Amino acid sequence: MAMPLSWKIGTVVASLLVAVLVWNGLSQYLAARQADEITRDSARAAALEAQQAQAHAQQYRAQLAADLKQQREDLSNTYQQVNEQARQYQAEQTIRQEKQRQEELAAQASYRLDRNQQCIDGTVINHSGSSFTQAVGKDGQPIPCTGDLATEPLR
């Protein structure tokens, strides 16, 4: 028994319709699968980039910390050097002041009459035992005095 033509056409149309629907479903399935793979690949790439960014940030923080530590050490060394230079300067200044003071004391002492000298009538008189002589300056003139101080150095 032969199938009528309309059944044959209906079967062909139904088969084509089923094939189109299967093809459409398969295409959508494959597209969804491909989209899932792309999403997973994107997520993996984003996670890798995030790890790299985090590693870079940690490295940057470590470098900043090392730089800061070095700057602190440099500053500490500079402070110690400046402090040492200040101590040396202060010590040298103290030595200079003491030397100047000693020079001033020596200069003052050179004006003071010693135990073998007297100021008599405003003139320095040297005495040795029973002899008395006038003290004379560089210009050959008698050296004036007041109290126990001469007006020019005696020594």
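This is a predicted model: local features need pLDDT of at least 70, side-chain atom pairs count only at pLDDT 80 or more; totals for chains, interfaces and linings use all residues.
## Reading the model

Helices here are DSSP runs of H or I with at least four residues, strands are DSSP runs of E with at least two, and both are numbered from the N terminus.

Residues are numbered from 1 along each chain as its sequence is written, and side-chain values use heavy atoms, with hydrogens and water left out.

Let's start with the strands. β1 covers residues 117–120, and 4 bridges join β1 to the antiparallel strand β2, residues 123–128. (Two strands pair if DSSP finds at least two bridges between them.) Together β1 and β2 form a hairpin with 2 residues between them. D121 counts as exposed, at 79% relative accessibility; exposed means over 50% relative accessible area, buried under 20%, and partly exposed in between, with a 1.4 Å probe and protein chains only.

T123 belongs to strand β2 and is buried, at 16% relative accessibility. Leaving out residues up to four places away in sequence, T123 touches Q118, Q134, P142, I143, P144 and C145, where contact means heavy atoms within 4.5 Å.

## A closer look at Q117

Q117 sits in strand β1, stands opposite N126 in β2, and is buried at 12% relative accessibility. The side chains of Q117 and N126 are joined by a polar contact of 3.0 Å. (A polar contact is a pair of N or O atoms within 3.5 Å; within protein, one must be able to donate a hydrogen and the other to accept it, and residues adjacent in sequence count only if both atoms are side-chain atoms.) The Q117 side chain also reaches the backbone nitrogen of D114 at 3.0 Å.

Beyond its neighbours within four places in sequence, Q117 is in contact with several residues, including V124, I125, H127, L154 and R155. R112 is another of these contacts, and R112 has a salt bridge of its own, described next.

## Salt bridges

The structure holds 4 salt bridges, each a side-chain nitrogen of Lys or Arg within 4 Å of a carboxyl oxygen of Asp or Glu. One of them joins R112 and D148, with the closest N and O atoms 3.1 Å apart. This pair links distant parts of the chain, 36 residues apart: R112 is in the loop between α1 and β1, and D148 in the loop between β4 (145–146) and β5 (149–150). R112 is partly exposed at 38%, and D148 is partly exposed at 39%.

R44 and D41 meet at 2.9 Å, N to O, and they are separated by about one helical turn because they are 3 residues apart in α1. E84 and R87 pair with their closest N and O atoms 3.0 Å apart, and they too are 3 residues apart in α1, about one turn of the helix.

## A nonpolar patch

W23, L26, Y29 and L30 make a nonpolar surface patch of about 470 Å². W23 is in helix α1, residues 5–111, and is exposed at 61% relative accessible area. Patches are made of residues with over 30% relative accessible area and no salt bridge, joining like charges within 9 Å and nonpolar side chains (Val, Leu, Ile, Met, Phe, Trp, Tyr) within 5 Å. Accessible areas come from the Shrake-Rupley method with a 1.4 Å probe, and for residues only the protein chains shown count as cover.
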